[in-house]
Amino acid sequence: MSEERRLYLIFGFLVIIVWVLSFQTSVAIKPLFSALCHQKPDRCFQIEGLPMAVCSRCFGFYSMLAFSWFIPLFLSIKVNKKAFVTYFIFIIAINMIDVIFNMSGIWMNNLLSRFFMGMLLSLPIPFLLNPSPINTKIG
């Protein structure tokens, strides 16, 4: 196994640990995410009445990242990196528009729409970072 693949797998397991930690409602866990997430309680899913450690958008991001991280390792998929980068930039722009329009009152998003926007944002990351997956041609 190459060093790149080993690092990819290690990072994948770290992603899963971060995803599991994001479910936590403990005050002790929240500082781990405070640099990456605003953690506003009204923007977080709740578990037994307590807000999760991250907002719904970040939870969507971590969820999709955790579930999709290992897909490129085992499926034979032709990946066009340019298309994935274009998709990534497009989704970042859509997320920014969503945030700006919500802040300006043009529309109101909700926990689920934020969750799905976060999911869309993290979808291409494993495919862009994966070092030469098994039986996969990267174009």
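Predicted model: local features only at pLDDT ≥ 70, side-chain atom pairs only at ≥ 80, totals over all residues.

Biologist: Which residues of H3 are buried?

Modeller: Among them are Arg57, Phe59, Tyr62, Met64 and Leu65. The list also includes Ser56, Cys58 and Gly60.

Biologist: And what covers the buried residues of H3?

Modeller: The cover includes H1, H2, H4, H5, H6 and helix H7, which is residues 125-129.

Biologist: How far does H3 reach from its first C-alpha to its last?

Modeller: It reaches 18 Å, close to the 18 Å expected for its 13 residues at 1.5 Å a residue.

Biologist: You said Arg57 is buried. What does Arg57 form a salt bridge with?

Modeller: Its partner is Asp98, and the closest N and O atoms are 2.9 Å apart. That pair links distant parts of the chain, with Arg57 in helix H3 and Asp98 in helix H5, 41 residues apart. Asp98 is buried, and so is Arg57.

Biologist: How many salt bridges does the count come to?

Modeller: Two. Another one joins Arg6 to Glu3, with the closest N and O atoms 3.1 Å apart.

Biologist: How are Arg6 and Glu3 placed in helix H1?

Modeller: They sit three residues apart there, so about one helical turn separates them. An α-helix has 3.6 residues a turn, so residues three or four places apart point the same way. Arg6 is partly exposed at 36% relative accessible area, and Glu3 counts as partly exposed at 48%.

Biologist: Back to H5. How many residues does helix H5 have?

Modeller: It has 24, running over residues 81-104. From its first C-alpha to its last, H5 reaches 34 Å, close to the 34 Å expected at 1.5 Å a residue.

Biologist: Which residues of H5 are buried, and what do they pack against?

Modeller: The buried ones are Ile91, Asn95, Asp98 and Asn102. They pack against H3 and helix H6, residues 111-122.

Biologist: What follows H5?

Modeller: Gly105 does, with a positive phi near 85°.

Biologist: Are Gln39 and Glu48 buried or exposed?

Modeller: Gln39 is buried, because its relative accessible area is 15% and the cut-off for buried is under 20%. Glu48 counts as exposed, at 82% relative accessibility. You'll find Gln39 in the loop between helix H2 and strand E1, and Glu48 in the loop between E1 and strand E2.

Biologist: Okay, new topic: rings. How many aromatic pairs does the structure hold?

Modeller: Eleven. In one of them, Phe11 and Trp69 form a tilted pair, 5.2 Å centre to centre with 55° between the planes. Phe11 lies in helix H1 and Trp69 in the loop between helix H3 and helix H4, so the pair ties together parts that are 58 residues apart in sequence.

Biologist: How covered are those two rings?

Modeller: Trp69 is buried, with a relative accessible area of 1%. Phe11 counts as partly exposed, at 41% relative accessibility. Phe101 and Trp107 also form a pair, and that one is edge-to-face: 4.8 Å centre to centre, 70° between the planes. Phe101 is partly exposed at 28% relative accessible area, and Trp107 is partly exposed at 35%.

Biologist: Which residues form an aromatic cluster?

Modeller: Phe45, Phe59, Phe115 and Phe116 form one. Phe59 is one of the buried residues of H3 we went through.

How values were computed: Residues numbered from 1 in each chain as written. Heavy atoms only, no water. Phe/Tyr/Trp six-rings, centres within 6.5 Å; stacked < 30°, edge-to-face > 60°. Helix = DSSP H or I, 4+ residues; strand = E, 2+ residues; numbered from the N terminus. Buried < 20%, exposed > 50% of the residue type's maximum accessible area, 1.4 Å probe, protein only. Expected span 1.5 Å × (residues − 1). Contact = heavy atoms within 4.5 Å. Salt bridge = Lys/Arg side-chain N within 4 Å of Asp/Glu carboxyl O.
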